[in-house]
Amino acid sequence: MATAIASRKPEIKTALPGPNGRAIIEADAKWVNPAYPRPAFKLVAERARGVWVEDVDGNIFLDCNAGVAVCSTGHCHPEVVRAIQDQAAELIHMCGTDYYYRQMPELARKLDEIVPISGPTRTHFANSGTEAVETALKLAMHATGREKFISFFGSFHGRTLGSLSLTSSKAAQRLGFKRQALDVVHLPFPNEYRNPFREDECDGGGAAQGALNWIENRLFKTTTPPEEVAAIVVEPVQGEGGYVPATKAFLQGLRRICDQHGILLIVDEVQSGMGRTGKMFACDHYDLKADIVCIAKGIASGLPLGACVSRADLMDWKPGAHASTFGGNPVACAAALKTIELLERELVANSAEVGGYLKRGLEKLMSKHDCIGDVRGMGMMIGVEFIKDRTTRTPDPEMRDRVEMATFARGVILLGAGFNTIRWSPPLILTRENADVALEIFDEAIAASK
């Protein structure tokens with residue numbers, strides 16, 4: 001097994017990108033899909049261990065993004081690597097939609113133990129988050145006989161045509177693809193920092209009550225009869241929308257509305273699940289039970305795996321209704337089982353403890369820098385929002401972009417989210433020492449970007 005990258009701080013030795021990196025970027029520009037939404041900074045990774053990433057020119061970075069919240073156990077965790085190696089030596093693929101192997105029911109049984117759904121469950125395995133969402137949409141239509149969905153502005157549920165009908169975080173994701181594939185109505189997400197509702201629409205309950213009133217008093221009475229709604233689809237913490245947590249009152253209110261009208265509650269935990277928020281699922285912070293939960297990203301420590309877990313009584317469709325050639329691949333399942341073992345053993349707790357330490361450090365920086373308007377989130381899912389002034393809270397996306405670049409130039413990998421926010425989604429193995437290094441560099445980057 002490869003040795004660890006010996007570093008306690010980032011080491012930047014060349015211009016970024018360096019000569020080897022520039023050659024790869026040029027080849028990528030010629031041969032690879034240009035639609036990938038890459039940031040302004042250019043990272044060309046060669047290898048990674050733990051929280052450290054080395055590029056092709058020997059520069060070493062402290063990773064506070066984890067491949068967009070995917071490498072939950074850190075890069076190339078030795079126990080995950082061994083689980084992958086052992087499984088790959090025995091059985092790589094057998095198509096679980098036609099044949100049987102033990103890893104698929106083993107992982108489904110484990111998900112049944114931990115997923116925030118009441119009662120027995122069944123699981124469909126896919127390859128990605130958007131596939132998990134597509135499954136949830138098809139299942140909701142099949143189970144209810146209804147065709148309408150409710151989603152939220154700022155949401156991201158994927159880029160395939162069904163999930164794209166839900167997604168509304170950026171216009172670029174929809175540009176050129178004409179009408180929605182599904183009948184979806186969007187409403188404002190209850191961002192408590194930027195309440196999108198008038199005071200008289202909130203009945204004294206803040207943005208959460210404003211959103212619930214919008215559904216019951218506006219949508220249900222005008223465009224979207226509740227008896228035609230198959231599901232409400234929500235992220236308990238919006239990801240691409242800017243790392244915006246919901247409130248318990250809002251999510252419990254959605255549960256009440258769904259129960260009242262026979263609507264299914266689909267919770268997208270693709271980015272917020274698998275220990276990211278300091279609990280196994282973000283729903284666990286809110287005592288929320290979903291009908292269907294979508295999982296991907298951090299579930300298999302970097303291997304492609306998605307899961308749509310639902311109440312068992314909902315997933316009663318017949319053979320051929322939905323399947324996947326590669327979904328639930330034995331190697332990906334082995335990685336997921338080991339990932340969950342590590343999360344339960346220590347990493348969910350570390351996410352909560354070190355994530356809290358990191359958030360307190362970012363709050364100290366907010367008191368130092370007026371350009372930071374909000375620090376929010378739970379565990380190691382933290383958003384830092386940049387503004388022009390605290391009176392008007394005018395967003396400052398240009399400042400956010402400068403800070404992102406300046407941080408990268410100093411050897412810390414961060415990525416934007418939403419219009420003017422930087423997301424912190426480090427590997428869940430991050431230590432306090434790592435956090436101190438990252439906070440110091442982030443402080444320097446902000447000061448240099450003003």
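This is a predicted model: local features need pLDDT of at least 70, side-chain atom pairs count only at pLDDT 80 or more; totals for chains, interfaces and linings use all residues.

Me: How many disulfides does a search of the whole structure find?

Reply: A disulfide is a covalent bond between the sulfur atoms of two cysteines. Here the search finds zero. Cys64, for one, is in no disulfide, and the nearest cysteine sulfur, in Cys71, is 13 Å away.

Me: Is Cys308 buried or exposed?

Reply: Cys308 is buried, at 0% relative accessibility. Cys64 is also buried, with a relative accessible area of 0%.

Me: How many cavities of 30 Å³ or more are there?

Reply: There are two. The largest holds about 40 Å³ of space, and its lining includes Leu16, Lys42, Asp55 and Phe408. That lining has six nonpolar, two polar and three charged residues. For the second largest cavity the volume is about 40 Å³, and Ala69, Gln271, Arg276 and Leu428 are among its lining residues.

Me: What lines the second largest pocket?

Reply: This pocket has about 810 Å³ of space. It is lined by 26 residues, and Gly96, Met104, Arg122, Thr123 and His124 are the closest to its centre. Helix α4 (103-114) and strand β4 (121-126) each give two or more residues to the lining. By class, the lining residues are twelve nonpolar, nine polar and five charged.

Methods: Residues are numbered from 1 along each chain as its sequence is written. Side-chain values use heavy atoms; hydrogens and water are left out. On a 1 Å grid over the protein atoms alone, a cavity is a set of points where a 1.4 Å probe fits but cannot get out, and a pocket is an open set with protein on both sides within 12 Å along at least five of seven lines; lining residues have an atom within 4 Å of a point. Grid points are joined across faces, edges and corners, and a volume is the space filled by probe spheres set on the points. Helices (H or I, at least four residues) and strands (E, at least two) are DSSP runs, numbered from the N terminus. Ala, Val, Leu, Ile, Met, Phe, Trp, Tyr, Cys and Pro count as nonpolar, Asp, Glu, Lys and Arg as charged, and the others, Gly among them, as polar. A disulfide is a pair of cysteine sulfur atoms within 2.5 Å. Buried means under 20% relative accessible area, exposed over 50%, partly exposed in between (1.4 Å probe, protein chains only).
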